[in-house]
Amino acid sequence: MREKIANFKNTLKIYHKRNNLIVSIIFFLAVLFPLYISIREIANDGIPFWYDPARDMLLALDNLAKPTLIGPPSGIPGIFYGPHWLWLLSFGLTFSKDPRVVTILILTIPYFTVFPFLLFKFARIFGKKIVLILWFLFIFGFKSYSTYLWSPHLASFFFLAVIYLFIFTDLNGKRMRDNLKILLAGIFCGLILNLHISFGVAIILSSLVFLAAEFFFTNNKKKWGAYGKKRIIVCL
């Protein structure tokens, strides 16, 4: 009887290993195939390059000669974005002045490496199949995000990172690592605001509402005073 149980367990282990291997291969191909399409489109000059990208590239070139703390103008008169997008473009321009190379470095590589890596972490909640479907829906439905050199297209990357940090962090934990993750989520919210003002304002407000609701509904009233000051400091 023990031998049968042991053989059954070994069979299950082999099955899980094969299943994980198959899913890993599918996920790898799911990233590789759209990556090939995006790079081919960029290499064949199939990416839009009009006023906004051209203006930002010229500002980034100026930033290499004279660093700036003011970013490109927003759609609101008198309000400017932060310089982070120009700094990223300047980083790409140090390797090449070709917009195609800059696009690959700034958008394509992050969207086909870090973005699917973060998305795959959500398999713990939704399962691997659902995550693969979400990846296909995103990368083919919003293909321009990885090929069109425009600052708002980088906002969704940081948005996914914010969701990941909020979900997979013990918001009431006492460890320094948990506090640093919440702080990092706040930094990413600020970066979203500096890439896409309207979307960033909505994300910051919704994040504050989420943190406040999570605090009041998951903590005992007796602990509100103990954790309240800490939560306010972290949110600020």
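Buried means under 20% relative accessible area, exposed means over 50%, and partly exposed is anything in between, with a 1.4 Å probe and protein chains only. Keep that handy for the exercises below.

This is a predicted model, where local features need pLDDT of at least 70, side-chain atom pairs count only at pLDDT 80 or more, and totals for chains, interfaces and linings use all residues. Residues are numbered from 1 along each chain as its sequence is written, and side-chain values use heavy atoms, with hydrogens and water left out.

**Exercise 1. Find out what the protein is built from, and what share of its residues is buried.**

Step 1: count the elements. Helices (H or I, at least four residues) and strands (E, at least two) are DSSP runs, numbered from the N terminus. On that basis there are 11 helices and zero strands, and the pattern along the sequence reads α-α-α-α-α-α-α-α-α-α-α.

Step 2: look at burial. Of the 236 residues, 38% count as buried.

Step 3: check the contacts, meaning heavy atoms within 4.5 Å. Take those with a separation of 6 or more: residues 24 or more positions apart account for 65% of them.

**Exercise 2. Work out whether Leu 61 is buried or partly exposed, and which residues it touches.**

Step 1: Leu 61 sits in helix H2.

Step 2: classify it. Its relative accessibility is 35%, so Leu 61 counts as partly exposed.

Step 3: list its partners. Skipping residues up to four places away in sequence, Leu 61 touches Leu 93 and Lys 97. For Leu 61 and Trp 87, 26 residues apart in sequence, the C-alpha to C-alpha distance is 9.8 Å.

**Exercise 3. Describe how H2 and H3 are arranged.**

Step 1: get the geometry. Axes are lines fitted to C-alpha atoms, for helices over the stretch in contact, and angles run from 0 to 180 degrees between N-to-C directions. The axes of H2 (residues 51-65) and H3 (residues 84-93) come within 8 Å and cross at roughly 75 degrees.

Step 2: name the arrangement. Angles under 35 degrees count as roughly parallel, over 145 as roughly antiparallel, 65 to 115 as roughly perpendicular and the rest as oblique. H2 and H3 are therefore roughly perpendicular to each other.

Step 3: see who meets whom. The H2 side includes Asp 56, Met 57 and Leu 61, and the H3 side includes Trp 85, Trp 87 and Leu 93. By class, the contact of H2 with H3 has 10 nonpolar, two polar and one charged residues. Here Ala, Val, Leu, Ile, Met, Phe, Trp, Tyr, Cys and Pro count as nonpolar, Asp, Glu, Lys and Arg as charged, and the others, Gly among them, as polar.

**Exercise 4. Check the length of H8, then work out how H8 runs against H9.**

Step 1: work out the span. The expected span of a helix is 1.5 Å times one less than its number of residues. The 13 residues of H8 (residues 155-167) should therefore span 18 Å, and the end C-alpha atoms are 19 Å apart, which agrees.

Step 2: compare the axes. H8 and H9 (residues 176-193) have axes that come within 9 Å and cross at roughly 160 degrees. That makes H8 roughly antiparallel to H9.

Step 3: look at the contact. Among the residues that meet are Phe 158, Ala 161 and Leu 165 in H8, with Leu 184, Phe 188 and Ile 192 in H9. By class, the contact of H8 with H9 has 13 nonpolar, no polar and one charged residues.

Step 4: zoom in on Ala 161, which lies in H8. At 6% relative accessibility, Ala 161 counts as buried. Leaving aside neighbours within four places in sequence, Ala 161 is in contact with Leu 118 and Phe 188.

**Exercise 5. Decide whether Lys 143 is buried or partly exposed.**

Step 1: Lys 143 lies in the loop between H7 (128-141) and H8.

Step 2: with 30% relative accessibility, Lys 143 counts as partly exposed.

Step 3: not counting residues up to four places away in sequence, Lys 143 touches Ile 37, Ser 38, Glu 41 and Phe 138.
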